[in-house]
Amino acid sequence: MYEIAEKRKELKSLSIFVGTGKCNAKCPHCAGVPLRKYAPKEDGIVDLDLIERILVQCYKNGARYLSISSSGEPTLSPKSITKVLRLTKKLKKNGVSFSPTNLYSNGIRIGQDEKFTKTYLPLWQQLGLTTIYLTIHDIDERINAQKYGIAKYPEISLIIKRIEQANLNIRANLVLSKESINTCEKFIQTSMHLKKIGINSISAWVIRNSQDQVDKKLCPDKKELEKIAKWIKNQNLDNYIRLLIGQESRKTYKSGQKLTLFPDGTLSNTWCNN
Ligand code: SF4
C-alpha cells in the first residue's frame, strides 16, 4: 500500500479501476485477470465513498489527471462508469477538478453497439470525460481480432468516428510486439495512418505479460525500438507520439507520481497503464 503522505504535493495522476472485470476480449496475457476476483459482480456496484476519498486526497497532493481503467473492459460496465463520472462532476463544483479525464477501452463495444455508443459517450462527455484511450495492436482489423482473441474486430475508422461524434479525443495505445507492430517501418506506417484517420495522439509501449512486466519473448528487436525512438525524435513528433519503452516508462510510477486505485481498495504505484 502506497502512503500518499510520504509524497505530498508530488502526485501527477491517478488511475482507478472501475467495473465488473468482464471483458469481450480474450487476450492471452491479460494483466487484469488476476485482479478480477476483487471486482464487483454487477455493473453499477461502486464504492463511491472510497473513490471520493481517494480523489480528494490525491487532488490535494497534486494529482490533476485521472484515468478510468478496469480489470476487464470498462464499456461493459456503463452504469459504474457513469456513477464515477457523476462523482467527478460533483467534485469539480467543489474545486476538485481532473483534466484530462481518460477512459481505457479496447474499442470493441464502441464499434459493435451503436445504441450503447449513442447513449453513453455523449453523456460521459457531458460529465467531464475528455479522452478515450483506445488500445490498438494493428491497423489490420483481422490481426487486431487475433490479438484480442475474438472472431471479428470492428473497423477502426468506425470506432474513431463514433468517438469523434461524442466530441471526445482519442489516444491510440499502440502495443509493440513481434506478432504485430514489430519494425520501425511498420510503426511509421501505423502511426501515420492513424493520424490520417483521426487519432489525436499515440502512446506506444512494448507488450507486457500477465504480471504487467515486459514480455521478453514477444518484445520487438531492440534495434527496431531504437530506430523508432530516433524516428520520432527526428520527425519532431514528440507531441503526437510518446514512446514508452524500457525502464524509462516506469520512472514516473516508481517515483510515485502516478497512483492506481485497485479493485481490492489498494492504492499503489506498481501498475503501469500509461
Ligand atoms: S481487452 Fe484488456 S481487459 Fe480485456 S482481455 Fe484484453 S487486456 Fe484483458
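**Core, central strands and ligand shell**

Among the 54 residues of the largest nonpolar core, A172 and L174 touch the most other members. Such a core is a set of buried Ala, Val, Leu, Ile, Met, Phe, Trp, Tyr and Cys residues joined through C-beta atoms within 7 Å. A residue is termed buried if 20 or more other C-beta atoms lie within 10 Å of its own, exposed if 12 or fewer do, and partly exposed in between, with C-beta atoms placed from the backbone. Strand β5 (residues 169-176) supplies the largest share of this core, five residues. The model is predicted: local features require pLDDT of at least 70 and side-chain atom pairs count only at pLDDT 80 or more, whereas totals for chains, interfaces and linings use all residues. Residues are numbered from 1 along each chain as its sequence is written. Helices (H or I, at least four residues) and strands (E, at least two) are DSSP runs, numbered from the N terminus.

Apart from neighbours within four places in sequence, L174 is in contact (C-beta atoms, placed from the backbone, within 7 Å) with I136, I181, T190, I202 and A204.

Strand β4 is largely enclosed by the rest of the structure, because six of its six residues are buried. Strands are said to pair if DSSP finds at least two bridges between them. Strand β3 (residues 101-105) pairs with β4 in the parallel sense over four bridges, and Y104 stands opposite Y133 of β4. Strands β4 and β5 also run parallel, joined by six bridges; the bridge partner of T131 in β5 is N169.

Helix α5 (residues 141-148) has N144, K147 and Y148 as its buried residues. Viewed down the axis of α5, these fall within an arc of 95° (taken over the directions from the helix axis to the C-beta atoms), so they line one face of the helix. Their cover includes β4 (131-136). After α5 comes G149, whose phi is positive, near 70°.

The ligand is surrounded by C23, A25, K26, C27, C30, G32, G72, E73 and N106, a residue being near if its C-beta atom, placed from the backbone, lies within 6 Å. By class, this shell holds four nonpolar, three polar and two charged residues. Here Ala, Val, Leu, Ile, Met, Phe, Trp, Tyr, Cys and Pro count as nonpolar, Asp, Glu, Lys and Arg as charged, and the others, Gly among them, as polar.

Technical notes:
Contact = placed C-beta atoms within 7 Å.
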